[in-house]
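Open the model in your viewer and keep the selection tool at hand. The stops below say what to select next and what is there.

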Amino acid sequence: MLTELKVSHFAIIDSIHIQFEKGLNILSGETGAGKSILIKSLALLMGAKSSQLDIRSNKDQALIEGAFELDDRSDIIEKLQEMGIECNDSHLIVRRIIDKSGKSKVYLNGHLSTVSDLRKVVFPLVTLSNPIDVPLIEITGQHENKDLMSSRYQLDTLDQFCGNLELRQKVEEAYASLKEIAQQKEELETLSQQREQQLDFLDFQIKEIETLELLENEDEILSSKIKDLKVQENWQRWLSEADQVLSGSDYSILSQLKKIMNLSPQHSLAPEIKEKLEQIYNLVDDASYHIQKLTQDENDNSEDSLDHIEERLSRIRKLQKKFGQDINAILSSCDEMKKEFKKLSELNQTLDELNKKEKLILKNLMALCQQLTQKRSSGALLLQQEVNNELKDLNMKGLDFLIKVEPLDEIQSTGLDRVVFQTRTSKSDAPRELARYASGGELSRILLSLKQVIGANQFPRTFLFDEVDTGVSGPTAEKVGAKLKNLAQHQQVICVTHLPQVACFGDHHFFIEKREKKQSVEMAVTKLKKEERIQEIARLISGEKLTKTSLAHAKDLLGF
């Protein structure tokens, strides 16, 4: 339940702090005192849109804070924990700050969150797709009439009453599966139109990759190998040039030395020089032999030519441009293309399998929809009977509330039915759609009757009734008050009212007033004590001028 509300610098509110309690909390005040602004601040705690126009004049920001007790709402605690928000003392503090730009910050138990998260926790938009999606606050009143008049709201309300949550979930899941299969079939049928061309193209690309028989990290290995081979190539070129200079031709060093030694003249010093030349010759010949041996060894050890390796690396680089930055990416692309090739090759078989699966799901879905229709049809009779009993108790004489369950042309995620709330003023009149013909007073009392019938069967929450008593008076107003009092036995109720017959049923009464200051006005909220409450009830009876009669009537209504 909502235990506290703090609002600062919001519209005509400078600063208020309200401590709500269990039971029926009444809010009353003069017209224009600011009751609607208070409701608007509560709506912001539920995720409503914010505006910079809501900030009080000459202030930089507005602040709205709400404290919720979660002792009976383990579902909310679990949801907060899933969002990583601590909730150790079973309390939730919602804080919303609106700045001059119109943007707002949301804090849940001190954790910076989003408006979307706030809505999920406090006021989820869809409550039937998951049993735990039940709001902490639910507004019921003039502003909710548009919901009551919507076809989806009417359907949801009936399913809620019938206990169709689990069955409807199965219908939604089967419907989603059917839609998924339809999408898969559409994709396959689109593929089939270019199937042969696509198969040829995939086959070409797969062979282009597989022909190379790629190894892991082969591009890096080849790059390193090319560097080594280029070093080796330079070495071999040097050996070849050295061999050529030393012994590779008639003009080589060895040939010239041999020629000189053969032509040595007759002289006393010739033998000594010839000996030196022979030593040089032997040294050069030895060097030449080693060079030739190294050249032969290098040729014997060469596995791949540089040209061959560079050509292979070039092909790999081309594949990288087409399929990925490294070998793993190329191989991964090849695997995906193989899957696509297999998918296209087996397209007809896959379509046949999908058609069979579609028939089975559709058969199951039809059976589930029929169950749902049966439960809705029988539940509609019971719900309209219980609502009509409540309406009679609210002095709605002659008005019948009816629920029509009619078939749809095709299956939807909610089944095969359209639910229409109707009313008629006499047995001889034809039923008319609630959304088109019901008056504001009728809508308000039908809403209250529905909450009376359905509300107590759900998770406890705070019901906020915003002038739900509009258009009623006298004994009917007393009935409305009694219904609100009864509903407040099961969960907290906050009710904005201008009727003394309703206000007198409150367990707690708050008075809203607008106070004038030197150059502005501001709103104030006061929790009324016994005597103050008598005077407020008397004011609601007779207006600003209190009389002995109105005061006596007020005491009588309050049972004092």
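Rings of Phe, Tyr and Trp (its six-membered ring) count as a pair if their centres lie within 6.5 Å; planes under 30 degrees apart are stacked, over 60 edge-to-face, and the rest tilted. By that rule the structure holds three aromatic pairs.

The model is predicted: local features need pLDDT of at least 70 and side-chain atom pairs count only at pLDDT 80 or more, while totals for chains, interfaces and linings use all residues. Residues are numbered from 1 along each chain as its sequence is written, and side-chain values use heavy atoms, with hydrogens and water left out.

**Aromatic pairs.** Select phenylalanine 401 and phenylalanine 421. Their rings are edge-to-face, 5.1 Å centre to centre with 75 degrees between the planes. The pair links distant parts of the chain, 20 residues apart: phenylalanine 401 is in strand 9 (residues 400-412) and phenylalanine 421 in strand 10 (residues 415-424). Helices (H or I, at least four residues) and strands (E, at least two) are DSSP runs, numbered from the N terminus. Phenylalanine 401 counts as buried because its relative accessibility is 0%. Buried means under 20% relative accessible area, exposed over 50%, and partly exposed in between (1.4 Å probe, protein chains only).

Next, select phenylalanine 463 and phenylalanine 465. With ring centres 6.0 Å apart and planes at 50 degrees, this pair is tilted. Both phenylalanine 463 and phenylalanine 465 are buried.

**Nonpolar cores.** A nonpolar core is a set of buried Ala, Val, Leu, Ile, Met, Phe, Trp, Tyr and Cys residues joined through side-chain atoms within 4.5 Å. Which members touch the most others in the largest core? They are Leu148, Leu383, Phe465 and Leu484, out of 49 residues. Helix 15 (residues 440-454) supplies the largest share of this core, seven residues. Now select leucine 383: leaving out residues up to four places away in sequence, it touches Leu158, Phe161, Ile403, Leu450, Val453 and Ile454. Contact means heavy atoms within 4.5 Å. A second, separate core has 47 residues, including Leu2, Ile13, Ile37 and Leu70.

**Helix 2.** Select residues 74-82. The buried residues of helix 2 are Asp75, Ile76, Ile77, Lys79 and Leu80. Their cover includes strand 5 (91-99) and helix 3 (115-122). Glycine 84, which follows helix 2, has a positive phi, near 80 degrees.

Tryptophan 235 sits in helix 8 (residues 218-247) and counts as partly exposed because its relative accessibility is 35%. Finish at serine 252, in the loop between helix 8 and helix 9 (253-262). Is serine 252 buried or exposed? Serine 252 counts as buried, at 1% relative accessibility. Beyond its neighbours within four places in sequence, serine 252 contacts Gln244, Val245, Leu246 and Ser247.
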